[in-house]
Amino acid sequence: MPDIFTLENKIKQIIDDLKGLCSTNGLSNQASEEVVITSVFLYKFLNDKFMSNLKEFAAELDMDYKDVLKNENYEMDAFYDSYPQDVAFTYDETIEYLINKTSNDRFYELFDDALEKISNDTKNEAFSVDTADGGRKPLFTRITENVEASKRNNFAKNIFGIISQDKFDFGDAFKNNFDFYSTIFEYLIKDYNVASGVYAEYFTPQAISSIISKILVNMTPVEDKVYEVYDPSAGSGSLVLHLANELGEGSFGDKAHVFAQDISGKSSRFLRINMLLNGLTGSLDNIIEGDTLETPAHYNTPHDATSGVKQFDYITANPPFKTDFSSTRNGIEQKWAECEEHEGLKRFWAGIPKIPNKKKESMAIYLCFIQHILWSLKPDGKAAVIVPTGFITAQSGIEKTIRQTIIEKKWLKGVISFPSNIFANTGTNVSVMFIDKSNQDGEILLVDASKLGTKVKDGKNQKTVLSNEEIEKIYNTFINQEEIDDFSVKVTYDQITEKNYSFSAGQYFEVKIEFVELTQDEFNQKMATYTANLDKLFSEGKSLEDSIKERLGELKYE
């Protein structure tokens, strides 16, 4: 049995081989490359899991799995009922069957047909992604159509040459946990989901996701029940899936019922893959591709916008900070006016940021997300929102209005400010704001972690990496509400009000002045030294003054 590192390397080799194949077929650096890589990888994973489950099921019946396959009217129906959380295949859609058809001159059509059949099978309807306009995006598309017609057959055959090798199911990869699959997933998408500042293309580092999930789950005791967790700008799902994993399982299964929305088709596809890898298939129906701000997809009554946006137990979000949202701003503003009131507020109660005249891409769209998150949180809900650090001290505008409301409503649990370049592709300093609507007593901790981390090169960019010890220091300090000199400080709602609603830890650190006892002789010696130094400076100054005057006197009019 291989160790986990051997298994991980074998799976990564599949990804590398597929990327190499795409490169030789002219797909490098094209959008179609990402579709091919992720789709083929997912097909390989689901196929191997299907075959592993089938063999396990057959063994329980003391049958050969091929005999089970022959009796589709009984054993196979029972098999599908036993594994409803997994994508269902028929044998002619599997790698084991199709690998024997590669000599066919139109093998590529057999492969594409199999992918379409899997996507269209009624047993697999839940594995598609809904869109905000009521449509559905299938699990797979016709992969070989991404290359020229003359190359398709060889392309399909070479794909099977890679995925038919005993790599993914070597040592039974399906028994591994979230940490294993989060590493595999990050490797899979690392070339395709870059924090470039484009709306919905952000990727939250694993370290930040881990810190956030541990803190959220430890804010109050977690009960043996289902929690509804939400990310309105989910991206590829790092934040919300870390939280789901941290909540763990209860006596009934997963404690997390995941809801998410993202405007990006690519990110929504990544999130679906991430959830399939981690077995969270029961929540796939709640993954919506669409514009959260203009057309939120989750309501108190499903598919009924008049019932008001749904409220959740936990919310995590790394929203886009600034982007050109001018094309939909007026629509948002109109829908804002139509929203039902909740506790005397409207969904965008602090206002919608204006479109900058000269730089439309600088519209601070994250301010809308913060308001949507606070609106979508249950009365005792918990949330963590990544914000630009400038938000926590801004002295005017929507930023200050939001912070003032949070303090007046007594919703703040704390803030952590992180080092610069914690996101590889943006130099924007970020902080994480933790909200707890039940924190009425006001136990608040502000943490300045901006001096932690090690600078490393990540391609052309500089990145700050937190060590495991630093990660543990951050979340343990917050969870234990511990005060550490120049690192963390406890504050009250009244203190924050006095500081003009600043959430910056540095403004609350105690200024310490050290007093040292001196003898008379030590005092006299220090005073003599200071006097001598001043005499020297004065002398040098006088010399410089005389020199300048002398030079000025030498100047003549010509």
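## Terms and model

A polar contact is a pair of N or O atoms within 3.5 Å; within protein, one must be able to donate a hydrogen and the other to accept it, and residues adjacent in sequence count only if both atoms are side-chain atoms. The structure is a predicted model, in which local features need pLDDT of at least 70 and side-chain atom pairs count only at pLDDT 80 or more, while totals for chains, interfaces and linings use all residues. Residues are numbered from 1 along each chain as its sequence is written, and side-chain values use heavy atoms, leaving out hydrogens and water.

## Helix α11

Let's visit helix α11, residues 265-277. (Helices are DSSP runs of H or I with at least four residues, strands are runs of E with at least two, and both are numbered from the N terminus.) At its start, a side-chain oxygen of Ser264 comes within 3.3 Å of the backbone nitrogen of Lys266. After the helix comes Gly279, with a positive phi near 75°.

Of the 13 residues in α11, 10 are buried (under 20% relative accessible area, with exposed over 50% and partly exposed in between; 1.4 Å probe, protein chains only). Among them are Phe270, Arg272 and Leu277.

## Strand β10 and its partners

Now look at strand β10, residues 312-317, where six of six residues are buried. Strands pair if DSSP finds at least two bridges between them. Strand β3 (residues 227-231) runs parallel to β10, joined by two bridges; here Val229 partners Tyr314.

Strand β11 (residues 377-388) also pairs with β10 in the parallel sense, over five bridges. In this pairing, Phe312 stands opposite Leu377.

How values were computed. The expected span of a helix is 1.5 Å times one less than its number of residues.
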